[in-house]
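I opened a new page for this protein. My plan is to go through the model piece by piece and write down what I find.

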Amino acid sequence: MTSAARRLYKVLVTHPEVPLPALEFLRQKGCETIVCENIPPVRSDILQKLPGVDAIFWASYQPLNGEVLDAAGSQLKAVSTMSSGIDYVDVPEFKRRQMPLGHTPGVVKNGVADLAIGLMIAAGRFFHAGRQLIENSKWEKERINWLMGQEIRDSVIGFMGFGGIGQAIAKRLQCWDVKKIIYHTRTRRDNDVDFGAHHVTFDELLKESDFLVVACPLTAETKGKFNAEAFGKMKKNCVFVNVGRGGIVDQDALIEALKTGQIFSAGLDVMTPEPLPADDPLMKIPNCVVIPHMGTQTLKTTTEMAMLAANNLINALEGKPMVCPAY
Ligand SMILES: O=C(O)[C@H](O)CO
């Protein structure tokens with residue numbers, strides 16, 4: 001068969017930085033790839049390139065909705081995001097149209113788990129406040145009661161959500177001499193014994209955690225879940241870490257809880273809005289470590305995410321179930 005004859009499907013890739021192995025894989029499988037060139041992706045450019053494509057590799061956090069599906073046309077067969085979270089996708093619209101939708105959970109867990117532990121330590125040990133003191137020439141000599149942090153050892157580690165990411169963090173913590181691992185999810189996880197983890201109510205999670213790690217998706221149920229009332233129930237020594245999504249937290253309530261000492265500190269990989277303006281109040285809080293949503297930002301993880309998204313599309317184009325369907 002000639003290579004021209006093998007080019008069966010047109011796939012639109014919405015971002016020029018999608019790791020090459022994924023593009024090569026799509027091409028080996030006989031796809032013609034149309035790769036958008038703008039960084040960040042420009043919606044009008046994407047919409048203009050969509051008509052006639054068979055599949056969409058959506059590597060952007062822009063709304064993925066009926067407008068995109070309409071622009072592609074009725075020959076469209078499959079869409080995959082290159083993210084685990086799909087809060088920017090109009091999933092009901094995909095369901096209504098029975099359009100196969102894939103995403104990339106699972107492969108993100110190790111990269112995000114490493115980063116979450118980094119944030120637990122960075123926030124628990126005042127990395128940001130310490131750095132600010134140096135920058136402001138306020139490094140105090142001969143102090144004992146200064147920058148006193150929280151250790152992971154002997155702590156109760158609580159998880160909001162206990163899927164791949166929460167479990168990957170819990171796995172890493174097995175050798176950290178923690179006191180107890182607890183988690184809150186709607187239903188108990190069958191494999192929680194593998195991590196020595198205990199299912200608790202949301203109230204128990206708030207009241208017992210010394211470190212509380214948010215590692216769940218943003219859904220109607222989790223939106224704004226960590227509000228003033230929730231922070232009010234948390235321990236004063238609690239280190240709050242969010243690697244889920246900013247929208248799970250009422251950010252004004254978090255800022256208030258940090259300023260008033262209602263909780264000890266916070267480490268945030270996600271927040272509202274993203275990108276966060278440099279002058280956002282969150283940036284002025286010494287006991288808050290803020291980093292720019294980089295949980296999956298390693299070559300290994302992004303390549304695995306891209307390969308998974310490409311496999312989702314190829315499976316769907318070949319009439320098979322996606323590796324990771326989103327619904
Ligand atoms: O959802 C995800 O995959 C991560 O947050 C990276 O965006």
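Where is the place of aspartate 154? I looked it up: aspartate 154 is in the loop between helix 7 and strand 6. I keep in mind that this is a predicted model.

**Entry 1: two residues with positive phi**

I stayed with aspartate 154. Its phi is near 65°, a positive value in a residue other than glycine. Is aspartate 154 buried or exposed? Its relative accessible area is 54%, so aspartate 154 is exposed. The cut-off for exposed is over 50%.

Then I turned to serine 137. This residue also lies in the loop between helix 7 (127-135) and strand 6 (156-160). Serine 137 is not a glycine, yet it has a positive phi of about 55°. With a relative accessible area of 68%, serine 137 is exposed.

**Entry 2: the domains**

I asked how the protein is divided. I found domain 1 (9-84 + 299-318) and domain 2 (108-290). Domain 1 is written as two stretches of the chain. I noted 34 Å between the centres of the two domains, taken over C-alpha atoms.

Next I checked the UniProt record, an unreviewed entry. It has the annotation "domain: D-isomer specific 2-hydroxyacid dehydrogenase catalytic" for residues 12-322. Over residues 12-322 I read 34% helix and 14% strand. The end C-alpha atoms of that span are 18 Å apart. The unreviewed entry also has "domain: D-isomer specific 2-hydroxyacid dehydrogenase NAD-binding", which covers residues 117-295. Residues 117-295 are 27% helix and 16% strand, and their end C-alpha atoms lie 11 Å apart.

In what order do the 5 strands of the open sheet come? I traced them as 2-1-3-4-5, with parallel pairing. Strand 2 (31-35) and strand 5 (101-102) stand at the edges. Each has a single partner strand, so one side of each is left without a neighbour in the sheet.

I followed the bridges through strand 4. Strand 3 and strand 4 run parallel and are joined by 4 bridges. Isoleucine 56 has valine 79 in strand 4 as its bridge partner. On to strand 5: 2 bridges join it to strand 4 (residues 78-81), again running parallel. Here valine 79 is paired with leucine 101 of strand 5.

Then I looked at the faces. In a regular strand the side chains alternate between the two faces of the sheet. In strand 4, Ala78 and Ser80 are on one side, with Val79 and Thr81 on the other. All four are buried, and both faces of the strand are covered.

Helix 2 (residues 20-28) lies across strand 1 (9-13), strand 2 and strand 3 (55-58). It runs at about 145° to strand 2.

**Entry 3: histidine 15**

I found histidine 15 in the loop between strand 1 and helix 2. Its relative accessibility is 14%, so histidine 15 counts as buried. The limit for buried is under 20%. Which residues does histidine 15 touch, leaving out those up to four places away in sequence? I listed Val35, Cys36, Ile39, Pro41 and Ala59.

Strand 11 (residues 265-268) and strand 12 run parallel, joined by 3 bridges. Glycine 267 has valine 289 in strand 12 as its bridge partner.

The loop between strand 11 and strand 12 holds proline 273. Proline 275 is in that loop too. The bond from threonine 272 to proline 273 is cis, with omega near -5°. Glutamate 274 and proline 275 are also joined by a cis peptide bond, with omega about -5°.

**Entry 4: the cores**

The largest nonpolar core has 56 residues. Among those touching the most other members are Val11, Phe57, Met120 and Val243. Helix 6 (residues 109-124) gives the most to this core, with 9 residues. Apart from it I found another core, of 31 residues, including Ile263 and Cys288.

Note on methods. Residues numbered from 1 in each chain as written. Predicted model: local features only at pLDDT ≥ 70, side-chain atom pairs only at ≥ 80, totals over all residues. Heavy atoms only, no water. Pairing = 2+ DSSP bridges. Contact = heavy atoms within 4.5 Å. Axes fitted to C-alpha atoms, helices over the stretch in contact; angles between N-to-C directions. Core = buried A, V, L, I, M, F, W, Y, C linked by side-chain atoms within 4.5 Å. Buried < 20%, exposed > 50% of the residue type's maximum accessible area, 1.4 Å probe, protein only. Domains from an automatic or database assignment. UniProt positions renumbered as here; feature names shortened; annotations may be inferred.
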